[in-house]
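Have the structure open and follow along.

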Amino acid sequence: MTQYCMVIDLQKCVGCGICAIACKTENNTQDRTLEQSFNWADFVFVEKGKFPDMQYAIYPVLCNHCSNPPCVVVCPVYPKSMYKMENGITMHNEERCIGCQSCQDACPYSERAIDRAFHGYSVISFNDTEPNAFYKDDTKLLPGITSSGKEVSEAAGELPPHKTLFEHPDYNPVREFGTVEKCNFCHHRLKENKIPTCVEACPADARIFGDRHDPESDVSHLLITHEARRMRNNRADFLAPDQRGHLPNVFYINDYMLPERIKEEDDNFRKNRT
Ligand code: SF4
Ligand code: SF4
């Protein structure tokens, strides 16, 4: 049976953010609000050391489409709004969602309110305010010089103005107030034999997508030939090689900061024991 996954090659990723922009455009996600990111493709930034002896890394992050997902377990509606598809995708059905945010509480990569001070992000976002309010607002940043969000959306004839139209039985091109949303590996594109838009847009080919149950796939080849790590939380901490977590299906390879970070984790572990 198919098990879709993504491998992210950290030596190829230059942190340009094009994957995130492509995702926002493809999936019509809102701008960030105070506590919700609406970035289905996001980043975690990690700094180590003191200038000039410093290391800096950027980790692209997204829903891990876990094989044992707590977000699905806790979803209280029946049939579940958050559910697993046969191809391994953790899918969200917008119509059944009651907006209880239990999935945000249960997912180790999500938070109800993002704590930016810790470089956190949230895989799941909640539409807690009127969606796309910016594009309904007639306030101009520089009156007489710039256009308002409302003028831009009216001129484009769409809300948001960059709206990509697609059809899917589970989710709409733009989500409703009071529901959650997250990455779905661009399932509407997979159905048309296309790859997720973040993978297609990446200029460095740092994102590789495919079926890890197919031994001939690129992802299978990479997972056999590289030491792959999976994330443990939304602070860019990794699961140890012998830890399973919730069996995430996003893998990171070629992490040049890994030896330093493993050493630091070992030191902390030893410090906490003494
Ligand atoms: Fe669910 Fe979070 Fe895992 Fe995605 S990363 S499948 S939202 S638990
Ligand atoms: Fe399920 Fe929606 Fe509640 Fe999440 S917010 S647990 S998807 S009903």
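Start with I8, which sits across from R207 of β8. Bear in mind that what you're looking at is a predicted model. The two strands involved, β1 and β8, run antiparallel and are joined by five bridges.

Now step back to see the whole sheet. It is an open one, with three strands ordered β8-β1-β9 and mixed pairing. At the edges you'll find β8 (207-211) and β9, each with pairing on one side only. Direction ignored, neighbouring strands here are turned by 25° against each other on average. A helix packs on this sheet too: α7, residues 218-225, touches β1, β8 and β9, and its direction makes about 110° with that of β8.

What does V7 contact once its neighbours within four places in sequence are left aside? The answer is I208, V219, L222, L223, A228, F251 and I253.

In soluble globular proteins, nonpolar side chains tend to be buried together. Here, the largest such core contains 46 residues, and the ones with the most contacts inside it are C5, V7, I8, A41, L62, C71 and C103. Two or more residues each come from β1 (4-9), α1 (18-27), β3 (53-61), α2 (70-74), α6 (197-201) and β9 (250-253). Which of the elements gives the most? That's β1, with five residues.

Next, have a look at α1. Just past the end of α1, N28 adopts a positive phi of about 55°.

Finally, turn to the two ligands. Ligand 1 has 15 residues around it, of which C63, C66, C71, T90 and C107 come nearest. You've met C71 already, among the core residues with the most contacts. The shell around ligand 1 splits into nine nonpolar residues, five polar and one charged.

Around ligand 2 there are 14 residues, and the nearest are C75, S81, C97, C100 and C103. How does the shell around ligand 2 divide? Nine of its residues are nonpolar and five polar, with no charged residue.

Conventions: Residues are numbered from 1 along each chain as its sequence is written. Chains are lettered from A and ligands numbered from 1 in the order in which they are written. This is a predicted model: local features need pLDDT of at least 70, side-chain atom pairs count only at pLDDT 80 or more; totals for chains, interfaces and linings use all residues. A residue is near a molecule or strand if its C-beta atom, placed from the backbone, lies within 6 Å of it. Ala, Val, Leu, Ile, Met, Phe, Trp, Tyr, Cys and Pro count as nonpolar, Asp, Glu, Lys and Arg as charged, and the others, Gly among them, as polar. A nonpolar core is a set of buried Ala, Val, Leu, Ile, Met, Phe, Trp, Tyr and Cys residues joined through C-beta atoms within 7 Å. A residue is buried if 20 or more other C-beta atoms lie within 10 Å of its own, exposed if 12 or fewer, and partly exposed in between; C-beta atoms are placed from the backbone. Helices (H or I, at least four residues) and strands (E, at least two) are DSSP runs, numbered from the N terminus. Two residues are in contact if their C-beta atoms, placed from the backbone, lie within 7 Å. Two strands pair if DSSP finds at least two bridges between them. Axes are lines fitted to C-alpha atoms, for helices over the stretch in contact, and angles run from 0 to 180 degrees between N-to-C directions.
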